Amino acid sequence: MSNNMSFFSGFQPHDLLFMAEAAGQTLLISVLSISTGTVFGIIFGWMLQSGNWVVRALLGTVLDVFRSVPLLIQLVLFFNFFPIMGWPLEPFAAGTFVLSLYTASLVAQVARGGIEAVGKPMRRAARSLGMSYWQDMRYVVWPIGLRAVFPAWVGVALGVMKDSALVSVLGYVELLRASQILITRTQEPFIILAVAGAFYFALSYPLSKYSQKLEERWAS
């Protein structure tokens, strides 16, 4: 009995509150990065699909860099680059900036795939009905294309939410960083990591469940 009590003695209720606040910081940086990255990713995806070859080549190369270079390296480089240029950034701002660009590079390919998923005969039919290019995009391409690639976008969003843990290397106190702080103080890694895993599940599960219900509604 005493051994069980001593096992949990280092982890206190205020530590759980500290982790809950850190989970809120994880959610904040994830929502901002995913939202911003999705908007720019859709624009980039459209440019990759509809732009001239120069735009496709240049933009494609830049996005390939963000997809190919490990996110941890991007975070460290950007966090140290801006102070050199005279624009020091807080860890939260630097993390949000890099995660947004990283998300945009992934969403761009998803969005381009969504546009290409709409067959040319359907688009020609829309234009033959008198629709302009932008009406075709708004009423035909985006509703059909984005619905087709929605599961892929959910995968990107869930991945970015988990990758947000890497922002801890900049000193931003999100869930992983808070866990590391508590492990150092309490020397109880098992329970702390278990709680951190439960928080990550609580953050990710609603999006996964909602996307599943939305797909079922579209399929019916």
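Is F92 buried, partly exposed or exposed, and what is its relative accessible area? F92 is partly exposed, with a relative accessible area of 26%; here buried denotes under 20% relative accessible area, exposed over 50%, and partly exposed the range in between, computed with a 1.4 Å probe on protein chains only. The model is predicted, so that local features require a pLDDT of at least 70 and side-chain atom pairs a pLDDT of 80 or more, whereas totals for chains, interfaces and linings use all residues. Residues are numbered from 1 along each chain as its sequence is written, and side-chain values use heavy atoms, with hydrogens and water left out.

Two salt bridges are found in a search of the whole structure, a salt bridge being a side-chain nitrogen of Lys or Arg within 4 Å of a carboxyl oxygen of Asp or Glu. In one of them, R185 is paired with D15, and the closest N and O atoms are 2.5 Å apart. This pair links distant parts of the chain, 170 residues apart: R185 belongs to helix α8 (residues 175-186) and D15 to helix α2 (residues 13-50). Helices (H or I, at least four residues) and strands (E, at least two) are DSSP runs numbered from the N terminus. R185 is partly exposed at 48% relative accessible area, whereas D15 is buried at 3%.

A salt bridge also joins D64 to R67, with 2.0 Å between the closest N and O atoms. Both residues lie in helix α3 (residues 53-68), three residues apart, which is about one turn of the helix. D64 is partly exposed, at 36% relative accessible area, and R67 is likewise partly exposed, at 26%.

Seven aromatic pairs are present in the structure. Rings of Phe, Tyr and Trp (its six-membered ring) pair if their centres lie within 6.5 Å; planes under 30 degrees apart count as stacked, over 60 as edge-to-face and the rest as tilted. F78 and F97 form a tilted pair, 5.6 Å centre to centre with 55° between the planes. Because F78 lies in helix α4 (residues 71-84) and F97 in helix α5 (residues 91-117), the pair ties together parts 19 residues apart in sequence. F78 is partly exposed at 22% relative accessibility, as is F97 at 37%.

The rings of F92 and Y172 also form a tilted pair, since their centres are 5.6 Å apart and their planes stand at 45°. F92 lies in helix α5 and Y172 in the loop between α7 (133-163) and α8, so this pair ties together parts 80 residues apart in sequence. Y172 is buried, at 8% relative accessibility.
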